[in-house]
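Please consult the sequence and coordinates shown here.

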Amino acid sequence: MFWTILWWTIAGIIVIALVIASIRIVKQYEQGVVLRFGRLIGTRMPGLRFIIPFVDVMHKVSLRIVTLPIQSQGIITRDNVSVGVSAVAYYRVVDPVKSVIAIENVGAAIDQIAQTTLRKVVGQHALDETLAETDTLNVNIREILDVQTIDWGVAVTLVELKDILLPDSMKRAMAKQAEAEREKRAKIIAAEGESLAAAALGDASDTMMAHPLALQLRTLQTLVDIGVDKNTLVVFPAPLMSTIGELSNFLARESTASGEFEGGDKPGDAVVSAHPSVPLAGPRTVPEAV
């Protein structure tokens, strides 16, 4: 009786151990690839799954997107500039069977192929293209990786250049180039402004030539603006002096004519021009009244 109970106890323990060994839990983001005696028999979906202990082997494959940082690579560009380029790649397994059967370690394989592809693509471009066309480089790297990894059951979803390290001498040269470019744009803008100002002044001069009084009004306005803050010594321009001289000459003639009409001029009175450009009037004798 004792031995019977012992045997039944041992058998129960063995059965329980076999049942526990046959239980597999596949998570929602995984799939199980089952091999029986080394041969593929299929995949197992998420949930509670059973296999034959010591006969079946299940490899769980994650279907989530994996982030793969690509270490900085020392690369010589097409124009012989040494730069350090680092990137990041995102991939996911789309065929669990291929990822188990076709390659031993899919993560390490993608890491190595991504580094070599990055070095190859960047080396085919000049430095300016590498800095300005990063989107194009990202697409080229992803397309090349997709061709290489599709046989492994892996799809590369995104590749982005993360950092581009330049030598100090190249940084100084690029800074000088950028400064020269800004100075060139500033000079071009200043020249365009001078051209527009000259055209506007030409139009204004044509208007003033057609209307001489406008020039006099502008001159007077300028004098008013100059003398606003404090007392100012003003030197009149020649056109204004001519106008003042003509006005003085006109007043003198009016005064002379008025004197002749009223008989108020005396013999020997002379009229003097108020401006050097107007010739002096000679002595004129007024006839005496009879």
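**Strand pairing and surface**

Reader: Which residue is the bridge partner of Ala-87 in strand 8?

Author: The model is predicted; local features require pLDDT of at least 70 and side-chain atom pairs 80 or more, while totals for chains, interfaces and linings use all residues. Residues are numbered from 1 along each chain as its sequence is written, and side-chain values use heavy atoms, without hydrogens and water. Strand 7 (residues 82–93) pairs with strand 8 in the antiparallel sense over 10 bridges, where pairing requires at least two DSSP bridges and strands are DSSP runs of E, at least two residues, numbered from the N terminus. Within strand 8, the partner of Ala-87 is Leu-161.

Reader: Which residue in strand 3 stands opposite Gly-32?

Author: Another open sheet of 3 strands has the order 3-2-5; strand 3 (39–44) and strand 5 (56–62) are its edge strands. Strand 2 (residues 30–36) and strand 3 pair in the antiparallel sense over 5 bridges. Opposite Gly-32 stands Arg-44.

Reader: Is Phe-2 buried or exposed, and what is its relative accessible area?

Author: Phe-2 lies in helix 1 (residues 2–22), helices being DSSP runs of H or I, at least four residues. Buried means under 20% relative accessible area, exposed over 50%, and partly exposed in between, with a 1.4 Å probe and protein chains only. Phe-2 is therefore exposed, at 59%.
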